[in-house]
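Here are some notes on the model you sent. Please read them with the sequence and the structure open side by side.

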Amino acid sequence: KGESTLNAKEYIKQNLNVPNVLTLIRLLLVPVYIALFACGQKYAALIVFLVASFTDLLDGRIARKYNLITDFGKLMDPFADKVMVLTAMFSMAIGNGAIPPVIPWAAVVILLLKELVMIVGGMVMLKHGIVVYSSMIGKVAHCVFIASLVATYFHGWFAGVCAGWPMTPDLILIWLAVCLTLCALVFYVTDSVKKAREMGIIGKK
């Protein structure tokens with residue numbers, strides 16, 4: 001018992017740094033966002049989402065700059081990021097009595113399927129010792145996706161200003177994010193297959 005307590009303390013000591021604290025704050029902001037959105041406080045929820053997105057940007061930079069990268073951070077940072085982003089996406093697709101739904105479900109389904117493929121594929125590759133790192137197109141897709149989510153909170157304003165448009169700018173951004181995300185998925189799959197061939201896991205041509 002004493003040894004396990006010591007191990008727990010040692011684990012906390014090793015992982016208790018600024019980037020990991022920011023990651024935990026981002027996770028804790030998720031229920032705050034849900035509560036505000038459920039109460040119809042759209043712009044207050046948006047501020048929480050922006051703060052969470054800022055912590056995502058900040059923790060990665062701090063971790064790399066001061067060499068504070070930990071196994072806990074590698075696991076929890078993308079998890080916290082996906083939970084926050086998916087929460088915002090679902091909320092703007094479902095809406096409530098005070099906030100009308102904006103994001104089309106087709107876009108939601110495509111993005112969810114992509115995430116599922118990435119998670120399952122990543123686990124399979126990791127099992128064989130293959131790590132597929134994030135690509136530039138993946139990072140750009142993520143940034144566009146965040147920007148498109150933020151834009152959907154102002155859908156009503158866009159609809160008024162861009163009356164007569166076949167699609168408002170926020171939805172154009174959403175579909176652009178979907179296209180970039182699918183391009184990133186193609187890159188990850190291609191890169192994974194290439195690395196698997198190099199390691200002899202699958203047959204070479």
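1. Does Asp56 count as buried or exposed? Asp56 counts as buried, because its relative accessibility is 18% and buried means under 20% relative accessible area, with exposed being over 50% and partly exposed in between (1.4 Å probe, protein chains only). Asp56 is part of helix α3. Setting aside neighbours within four places in sequence, Asp56 is in contact with Arg26, Asp77, Asp81 and His142, where contact means heavy atoms within 4.5 Å.

2. A word on the source. The model is predicted, so local features need pLDDT of at least 70 and side-chain atom pairs count only at pLDDT 80 or more, while totals for chains, interfaces and linings use all residues. Residues are numbered from 1 along each chain as its sequence is written, and side-chain values use heavy atoms, with hydrogens and water left out.

3. The overall fold. The protein has eight helices and zero strands, which gives the pattern α-α-α-α-α-α-α-α along the sequence. Helices (H or I, at least four residues) and strands (E, at least two) are DSSP runs, numbered from the N terminus. Of the 205 residues in the protein, 38% are buried. Among contacts between residues at least 6 apart in sequence, 74% join residues at least 24 apart.

4. The core. In soluble globular proteins, nonpolar side chains tend to be buried together. A nonpolar core is a set of buried Ala, Val, Leu, Ile, Met, Phe, Trp, Tyr and Cys residues joined through side-chain atoms within 4.5 Å. The largest one here has 33 residues, and Tyr33, Phe49, Met89, Ile103, Phe145 and Leu149 touch the most other members. At least two residues of this core come from each of α2 (18-38), α3 (42-65), α4 (71-94), α5 (105-127), α6 (136-152) and α8 (169-198). Not counting residues up to four places away in sequence, Tyr33 touches Ala45, Val48, Phe49, Met84, Thr87, Ala88, Ser91 and Tyr153.

5. The pair α2 and α3. These helices pack at an angle of about 170 degrees, with axes 9 Å apart; axes are lines fitted to C-alpha atoms, for helices over the stretch in contact, and angles run from 0 to 180 degrees between N-to-C directions. α2 and α3 are therefore roughly antiparallel (angles over 145 degrees; under 35 is roughly parallel, 65 to 115 roughly perpendicular, the rest oblique). Their crossing is left-handed, meaning that the near helix is turned anticlockwise from the far one by less than a right angle, whereas clockwise would be right-handed. The contact of α2 with α3 has 17 nonpolar, two polar and three charged residues. Here Ala, Val, Leu, Ile, Met, Phe, Trp, Tyr, Cys and Pro count as nonpolar, Asp, Glu, Lys and Arg as charged, and the others, Gly among them, as polar.

6. The pair α6 and α8. Their packing angle is about 160 degrees and their axes are 8 Å apart. α6 and α8 are therefore roughly antiparallel to each other, and their crossing is left-handed. The residues of this contact divide into 17 nonpolar, four polar and one charged.

7. Asp170. This residue lies in helix α8 and is buried, with a relative accessible area of 0%. Leaving out residues up to four places away in sequence, Asp170 touches Val102, Ser148, Ala151, Thr152, His155 and Phe158. Asp170 and Ile103 are 67 residues apart in sequence, and their C-alpha atoms are 9.1 Å apart in space.
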